[in-house]
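I opened this notebook to keep track of what I looked up, entry by entry.

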Amino acid sequence: MADPTVGEERRDHKDVDAGAAFVLQSKGEWWHAGFHLTTAIVGPTILTLPYAFRGLGWELGIFCLTTMGIVTFYSYLLMSKVLAQCENAGRRHIRFRELAADVLGSGWMFYFVVFIQTGINCGIGIGAILLAGQCLEILYSSISPHGSLKLHDFIAMVTVVMIVLSQLPTFHSLRHINLCSLFLSLGYTALMVGACIHAGMSANAPAKDYSLEPKKSSRAFSAFTSISIIASIFGNGILPEIQATLAPPASGKMLKGLCMCYGVIGLTFYSAAVSGYWAFGNKSSSNIFNSLLPDNGTSLAPTWVLAIAVIFVLLQLFAIGLVYSQVAYEIMEKKSGDVNQGMFSKRNLVPRIILRSIYTILCGFVAAMLPFFGDINGVVGAIGFIPLDFVLPMLLYNMAYKPPKSSFTYLVNTTIMVVFTGAGIMGAFSSIRKLVLDARQFKLFGNEVVD
């Protein structure tokens, strides 16, 4: 018996495929888009914000954080408008790659977006498994300091859980998980802020020093690295796929979803950045938990608070890994699924289980093999997020709406493209430099995550 949902999917498409009909099922409301967007943007990467402020200082740090927030909100809003315009013209796009190829009229743009999106999604999938394994290792080490289990054992455990969760068939089916993810991000941010305030006021608190590096060249280099970090934290690269999960028409709903997401961003990003940088200044670690749990001293915050925060981070990483796997699953389903069969028919269920399990196992294997993947991911973030989230949306809007070249909108969009192209190049250079400097610490299947 055919799945009744099939007939509801994408009637406005000439060629409906299983990836569109199943994975990118259009049933969602605006708050569901808000859950998906929040999970895609507000993650454990916010724990690096005090470190980003370390290279910028107070004034420039607050300015850059605010600017990135305004620019990305504007960028995502423009992309939503381009998607709505195409839909009104009878060309509804549910994939970033197809939108870019249609509006820009270039076949190579399709493959460019596929390449960049694949790099981002695989990178985050691998990184989520690696960080979740590290969270389990932290909890295990606090209970059994001399235990025999290694990092790769915990990565294997996380991979098994991810294989089970990956069988949720549609992006829309993640809405409840992503609602939990939203609350988890608020939870560990609140715990981290409280821990940083406690640490900053304790007798063992490090001396507060907010000075920047003395050499102008080093200061400039650190500033560009910090800007790249903040830009990557605001990125997501899958907005068209998220908008595709909304029941048409989507444009007004997407604006509401963005407002929900950026409300959470306002609460979490500023509080995490300000409290962490206030407590540790230019001694802030790239993961604030490392500052709160120094190797050569006692914990600067109650260990039970940090343990709960680590558990919250661990649980949210499962949601993040699932969200960023949806594009890969959609591509698999498009090639392997049969839209004329039911979503849960044997014909579609067996390939789905096999392909998604293989993909997750490969991500877990890379995470275990390359525990220094964070450095590689930095390069992926600079090369990936900035083109997809800061450059292409402006270009798509200029091409689709064709504002006069002398108009304020055209000038603003062009300025953003130029500035962030430069930031992306500098960020990629910074990340590659860090990769080279850390190379001597790299060890395949090692038990330590290179910071």
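Entry 1, a term to settle. I call a crossing left-handed if the near helix is turned anticlockwise from the far one by less than a right angle, and right-handed if clockwise. I also note that this is a predicted model.

I looked up helix α6, residues 107–143, against helix α13, residues 303–336. They pack at an angle of about 155°, and their axes are 9 Å apart. Angles over 145 degrees count as roughly antiparallel, so I wrote down α6 and α13 as roughly antiparallel to each other. Their crossing is left-handed. On the α6 side I listed contact residues including Gln-117, Ile-120, Asn-121, Ile-124 and Ala-128. On the α13 side the list includes Ala-307, Val-310, Leu-314, Gly-321, Tyr-324 and Val-327. By class, the residues of this contact are 17 nonpolar, three polar and no charged.

Next I took helix α5, residues 96–104, which packs with α6 at an angle of about 150°, the axes being 8 Å apart. The crossing of α5 past α6 is right-handed. From α5, the residues Phe-96, Arg-97, Glu-98, Ala-100, Ala-101 and Leu-104 take part. They meet Met-109, Phe-110, Val-113, Val-114 and Gln-117 of α6. I sorted the contact of α5 with α6 into eight nonpolar, one polar and two charged residues.

At what angle do the axes of α7 and α13 cross? For helix α7, residues 151–165, and α13 I have roughly 55°, with the axes coming within 11 Å. The two helices α7 and α13 are therefore oblique to each other. Here α7 passes α13 in a right-handed crossing. Val-158, Val-161, Met-162 and Leu-165 of α7 make the contact with Phe-318, Gly-321 and Leu-322 of α13. The class count for α7 with α13 is six nonpolar, one polar and no charged.

Is Gln-117 buried or exposed? Its relative accessible area is 2%, so Gln-117 is buried. Apart from residues up to four places away in sequence, Gln-117 touches Phe-96, Arg-97, Gly-237, Ile-238, Glu-241, Val-327 and Leu-388.

I found Pro-393 in helix α15, residues 373–401. Its relative accessibility is 0%, so Pro-393 counts as buried. Beyond its neighbours within four places in sequence, Pro-393 is in contact with Ser-75, Leu-78, Met-79, Pro-387 and Leu-388. I also checked Met-417, which is 24 residues from Pro-393 in sequence and 9.1 Å from it in space, C-alpha to C-alpha.

His-36 is in helix α2, residues 30–41. With 0% relative accessibility, His-36 counts as buried. Neighbours within four places aside, I listed its contacts as Phe-171, His-172, Leu-174, Arg-175, Asn-178, Ile-242 and Thr-245. The C-alpha atoms of His-36 and Gly-257 are 8.8 Å apart, although 221 residues separate the two along the chain.

How many aromatic pairs does the structure hold? I have 15. One of them is Phe-53 with Tyr-277, an edge-to-face pair with 5.9 Å centre to centre and 65° between the planes. The pair links distant parts of the chain, as Phe-53 is in helix α3, residues 49–54, and Tyr-277 is in helix α11, residues 251–280, 224 residues apart. Both Phe-53 and Tyr-277 are buried. For Tyr-397 and Tyr-401 the ring centres are 4.5 Å apart and the planes are at 20°, so I noted the pair as stacked. Tyr-397 and Tyr-401 both belong to helix α15 and are four residues apart, about one turn of the helix. Tyr-397 is buried at a relative accessible area of 14%, whereas Tyr-401 is partly exposed at 35%. Last, I noted a cluster in which ring pairs link Phe-53, Trp-58, Tyr-210 and Tyr-277.

Note on methods: Residues are numbered from 1 along each chain as its sequence is written. This is a predicted model: local features need pLDDT of at least 70, side-chain atom pairs count only at pLDDT 80 or more; totals for chains, interfaces and linings use all residues. Side-chain values use heavy atoms; hydrogens and water are left out. Buried means under 20% relative accessible area, exposed over 50%, partly exposed in between (1.4 Å probe, protein chains only). Contact means heavy atoms within 4.5 Å. Axes are lines fitted to C-alpha atoms, for helices over the stretch in contact, and angles run from 0 to 180 degrees between N-to-C directions. Angles under 35 degrees count as roughly parallel, over 145 as roughly antiparallel, 65 to 115 as roughly perpendicular and the rest as oblique. Ala, Val, Leu, Ile, Met, Phe, Trp, Tyr, Cys and Pro count as nonpolar, Asp, Glu, Lys and Arg as charged, and the others, Gly among them, as polar. Rings of Phe, Tyr and Trp (its six-membered ring) pair if their centres lie within 6.5 Å; planes under 30 degrees apart count as stacked, over 60 as edge-to-face and the rest as tilted.
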